[in-house]
Amino acid sequence: MKRLNTFQKIIVLLSILLVPVILIYTYSNRVSMSIIQQELIQLTLNQQNFLTEQLDMISEQLWKSAYITMSDPNALMLQHPSITKPGYDTFKTIEALEHHLRLQSTSYSWQYELTLFSPVTGMYITTDSNRQFDNAYFSEHFYTNWSYVKLDSGAGQQHYFVRHMTKPFTLDDHPEELSLILEAAIPASNIAQMMEQFAAGRSGEPMFYHPDYGGITRHLADFEGTDHLQGLLSDYPFEGNGYEIVRSGGQKYLMNYTESTWPGWYLVDFVPLKTVIASLNQSLMWFYFMMALLLLIGIGFAVIIYRSVQRPMLQLIKGVRRLKQGNYAFRLPVNGQSEFHYLFSEFNRMSEETQELIEKVYVSQLRIRDATLKQLQSQINPHFLYNNFAFIQSMTQMGNREAVIAFTQHLSQYYRYTTRTEMTTTRLDEELELIQSYLEIHRMQIPRLDYDIDVPRHLRCWSIPRLIIQPVVENAIVHGIENSLNDGLIRVTGRMEETHAVITVEDNGGGIRAEDLEHLRSRMNRTMDENMGCGLWNIHQRLLLYNEDGNGLSFAPSELGGLKVVLRFRVQEEKSLNKHKHSEGSE
């Protein structure tokens with residue numbers, strides 16, 4: 001039997017591969033369509049159940065916090081006649097109640113308003129400064145369960161979910177006979193925001209629906225489309241949880257609904273089926289098209305491989321055999337412009353290839369050196385991130401808006417600079433701006449910290465490695481300033497010293513003993529192990545690579561009382577600085 005050639009083998013192999021793939025994919029596509037639809041129903045129901053549980057949990061937490069408020073001794077004083085008389089005790093009681101209500105209303109992710117009213121004295125404490133409360137108000141608005149009502153506010157009338165807690169407890173609509181009433185009012189915008197979060201990254205259109213009040217939709221919803229969908233719900237017989245395929249506006253939707261513990265309210269989600277089924281059908285058509293295209297490409301590929309690869313390979317094998325026989329005068333014919341044109345040329349010029357190999361090794365060494373520099377640079381990662389988040393949270397809880405704004409601006413500038421890892425060098429003035437932002441961040445957290453940056457203007461244009469001074473400043477704060485209870489001072493100065501730009505970082509911390517200073521100097525030139533910090537060691541190694549003259553970090557006692565760290569930067573050639581400027585301009 002005649003053996004098949006390469007071209008025939010490729011055709012047979014393509015046929016064997018493509019036919020089973022087409023059959024299996026067609027069957028799996030039909031099965032997948034059914035499975036995906038069922039999974040979509042179950043997934044949507046699970047998501048809705050989780051959302052309704054979250055909604056119920058938040059409302060229950062709010063109500064529990066209201067119960068705690070009603071038990072506060074200051075709240076009980078609101079019904080005492082003495083509360084209407086001006087005096088220091090009255091002022092302290094009202095101030096304590098206002099603080100307690102503000103704290104309760106800001107303790108959760110939802111925005112809501114709390115009002116404490118005493119029908120006995122007519123006094124009330126509220127977190128909503130745009131509304132007025134009296135016996136007439138509570139006679140008109142008194143709800144023992146969560147109720148959806150429209151109330152006046154500073155921006156006009158808005159919808160709220162309102163519920164009242166009383167002391168003593170009652171279900172009668174006679175609030176004037178009570179001694180204390182607490183109102184919790186949740187703006188409907190919280191529900192709309194929750195719908196927005198639920199819809200993020202999904203193709204569905206959720207809404208919180210009540211047959212009597214309509215639906216609460218997300219802020220960015222297509223209102224015309226949601227009106228059509230709400231029209232489907234007006235006469236729908238809701239019962240517990242369920243789903244149904246409905247049609248609106250010429251489209252099919254998978255409607256899933258989940259009952260909430262809030263009476264009469266349902267979480268309804270409309271998912272357009274075309275986003276799932278249409279994509280599967282389109283995927284199947286594209287698959288058939290690609291299979292046919294691949295078959296044609298495979299045939300053409302087999303012909304090209306035979307003519308462009310197999311024949312030249314036979315010639316190359318012939319040449320290798322000649323060289324093996326010692327015929328070094330043999331040359332391969334160089335024809336055409338294919339990949340083998342280069343291969344045959346290099347085969348005929350072995351001496352030139354050796355020279356090119358040497359050059360490649362040299363380039364490879366340069367790349368390894370650059371990779372080492374970037375690896376050392378990437379190890380510098382500030383450890384104060386969590387402290388920053390804690391400071392922002394603390395200032396936010398204290399209502400110090402100006403401090404939060406200033407802090408986040410410095411933090412933004414700091415991380416905008418440190419995350420630009422594509423550049424290995426920068427201008428000295430940019431590095432100093434980073435240090436200033438870094439010190440401002442610490443000064444806001446450590447009020448006793450002060451700093452002084454004095455670098456001449458003519459030095460600020462020099463090109464230096466990025467993130468090479470900041471770790472030294474960080475070391476001065478962590479090991480110098482933070483270990484001392486006195487006022488802290490960080491001083492950064494610069495000067496020109498022959499062929500080097502010299503930057504000095506000093507602190508007035510507790511200083512360092514002579515033996516510890518010698519130990520620190522000796523560690524800089526040792527290989528880093530797991531017991532050695534990498535901050536100053538990295539800086540020292542990067543300076544050695546950058547300067548190429550043995551100048552790294554140097555240490556000495558500071559006149560301020562702490563440690564003095566000196567960084568020397570060999571003045572680079574003008575073309576290096578111009579290259580840095582060109583790289584910045586191309587960003």
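Start by selecting Phe 208: its bridge partner in S10 is Leu 267. The model is predicted: local features need pLDDT of at least 70, side-chain atom pairs count only at pLDDT 80 or more, and totals for chains, interfaces and linings use all residues. Residues are numbered from 1 along each chain as its sequence is written, and side-chain values use heavy atoms, with hydrogens and water left out.

**Stop 1**

Select residues 205-210, strand S6, and residues 266-272, strand S10. Strands are DSSP runs of E with at least two residues, helices are runs of H or I with at least four, and both are numbered from the N terminus. S6 and S10 are joined by 5 bridges and run antiparallel. Two strands count as paired if DSSP finds at least two bridges between them. Strands of a sheet pair through backbone hydrogen bonds, either parallel or antiparallel.

Now show the whole sheet. It is open and has 5 strands, in the order S7-S6-S10-S9-S8, with antiparallel pairing. Look at its edges: S7 (214-217) and S8 (242-248) each pair on one side only. From one strand to the next, the twist averages 30°.

**Stop 1: another sheet**

Which strand order do you meet here? This open sheet of 5 strands reads S2-S1-S5-S4-S3, again with antiparallel pairing. Select S2 (124-126) and S3 (147-153). Each has a single partner strand, so one side of each has no neighbour in the sheet. The twist averages 30° from one strand to the next.

Zoom in on Val 162, in S4. In S5, the bridge partner of Val 162 is Ala 185. S3 and S4 are joined by 7 bridges and run antiparallel. Between S4 (residues 156-167) and S5 (residues 180-187) there are 8 bridges, and this pair is antiparallel too. Met 165 stands opposite Leu 182 in S5.

Slide along to Pro 168, in the loop between S4 and S5. The peptide bond joining Lys 167 and Pro 168 is cis, with omega at about 0°.

**Stop 2: a salt bridge on a helix**

Select Lys 92 and Glu 95. Their side chains meet in a salt bridge, at 3.5 Å from N to O. The term means a side-chain nitrogen of Lys or Arg within 4 Å of a carboxyl oxygen of Asp or Glu. Why are Lys 92 and Glu 95 separated by about one helical turn? Because they are 3 residues apart in helix H3 (residues 88-105). The structure holds 11 salt bridges.

**Stop 3: the largest cavity**

Select Trp 462, Ser 463, Ile 464, Ala 501 and Phe 569. Of the 11 residues lining the largest cavity, these lie nearest its centre. A cavity is a set of points on a 1 Å grid over the protein atoms alone where a 1.4 Å probe fits but cannot get out; lining residues have an atom within 4 Å of a point.

The volume of the largest cavity is about 70 Å³. Volume is the space filled by probe spheres set on the points, which are joined across faces, edges and corners. The whole structure has 3 cavities of 30 Å³ or more.

Show S13 (463-465) and S17 (563-570): each supplies at least two residues of the lining of the largest cavity.

**Last stop: Leu 467**

Select Leu 467, in the loop between S13 and helix H13 (470-481). Leu 467 is not a glycine, yet its phi is positive, about 55°.

How values were computed:
1 Å grid on protein atoms, 1.4 Å probe; cavity = no way out; pocket = protein on both sides within 12 Å on 5 of 7 lines; lining within 4 Å. Axes fitted to C-alpha atoms, helices over the stretch in contact; angles between N-to-C directions.
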